[in-house]
Amino acid sequence: MVPEASVLVAVLFVCLGNICRSPTAEGIFRAQVQAAGLSNRIQVDSAGSHAYHEGESPDIRACAAALERGFDLSGQVGRQIKTSDFEYFDYILAMDRENLHFLQKMQPADSHSRVALFLDYAEGREGQSVPDPYFGHSDGFALVIELVESAGKGLLKQIGRNLPKIKT
Ligand code: 4NP
């Protein structure tokens, strides 16, 4: 993948299936980036650690919960993370510890991607995982949104602080 000329920072969110948590993170963080007027500087994507739902749309429960809060996840298509993502993305953020360990094992030695837990950017939630809502009650999807909005704010603040220092 060739970065667009104006993109300075590329962010990839990763969960297990890429149909619930990471598409929610992609949709919400993209909206936050847009609201900050940084859409042409920050690129946002998501992927699954596994290929179970490759080519699928996000889970309808995730879409409904997001839409209720004004976020549109339609148009996203599930995909599995690939080795070249570790060359392209500046941030590769796991939704939980299992996926963080998966990413740490997968990261090539010469990759400079910052691999971390997404909730490390949520004030007071550092080191925590976004609970997997797939097999649970629909309340789980509202919690995903709450956690993702909080972490997205923190991440945008951190990227925003560094943007002026990054050369085009
Ligand atoms: P996600 O949720 O990782 O947040 O997309 C899941 C989606 C699918 C499965 C598990 C979790 N699954 O077992 O198929």
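**Ground rules.** I am working on a predicted model, where local features need pLDDT of at least 70, side-chain atom pairs count only at pLDDT 80 or more, and totals for chains, interfaces and linings use all residues. I number residues from 1 along each chain as its sequence is written, and side-chain values use heavy atoms, with hydrogens and water left out.

**Asn18.** I noted its phi, which is near 60 degrees. That is a positive value in a residue other than glycine. Most residues other than glycine have a negative phi. Asn18 counts as buried because its relative accessibility is 3%. For me, buried means under 20% relative accessible area, exposed over 50%, and partly exposed in between (1.4 Å probe, protein chains only).

**Ser22.** I moved on to helix α1, where Ser22 is found. Ser22 has 0% relative accessibility, so it counts as buried. I then listed its contacts (heavy atoms within 4.5 Å). Beyond four places in sequence, Ser22 is in contact with Phe13, Val14, Cys15, Ser46, Ala47 and Met95. A polar atom of the Ser22 side chain lies 3.4 Å from the backbone oxygen of Ala47.

**His53.** I found this residue in the loop between β2 and α2. His53 is buried because its relative accessible area is 15%. Its side chain joins that of Glu56 in a polar contact of 2.8 Å. By polar contact I mean a pair of N or O atoms within 3.5 Å; within protein, one must be able to donate a hydrogen and the other to accept it, and residues adjacent in sequence count only if both atoms are side-chain atoms. Leaving aside neighbours within four places, His53 is in contact with Gly17, Ile19, Gly78 and Tyr134.

**Gln76.** I placed Gln76 in the loop between α2 and α3 (85-88). Is Gln76 buried or exposed? Gln76 counts as buried, since its relative accessibility is 9%. Its side chain reaches the backbone oxygen of Pro23 at 3.0 Å. Not counting residues up to four places away, Gln76 touches Pro23, Glu26, Gly27, Ser46, Glu56, Ser57 and Pro58.

**Core.** Which residues touch the most other members of the largest nonpolar core? I got Val11, Phe29, Ile42 and Leu155, out of 38 residues. A nonpolar core here is a set of buried Ala, Val, Leu, Ile, Met, Phe, Trp, Tyr and Cys residues joined through side-chain atoms within 4.5 Å. Two or more residues come from each of β1 (9-15), α1 (21-35), β2 (42-48), α2 (60-68), β3 (91-94) and α5 (139-162). The largest share, nine residues, comes from α5. Apart from this core I noted another, of 14 residues, among them Ala10, Ala94, Leu100 and Val115. Beyond four places in sequence, Val11 touches residues including Phe29, Ile42, Val44, Leu155 and Ile159.

Notes
Helices (H or I, at least four residues) and strands (E, at least two) are DSSP runs, numbered from the N terminus.
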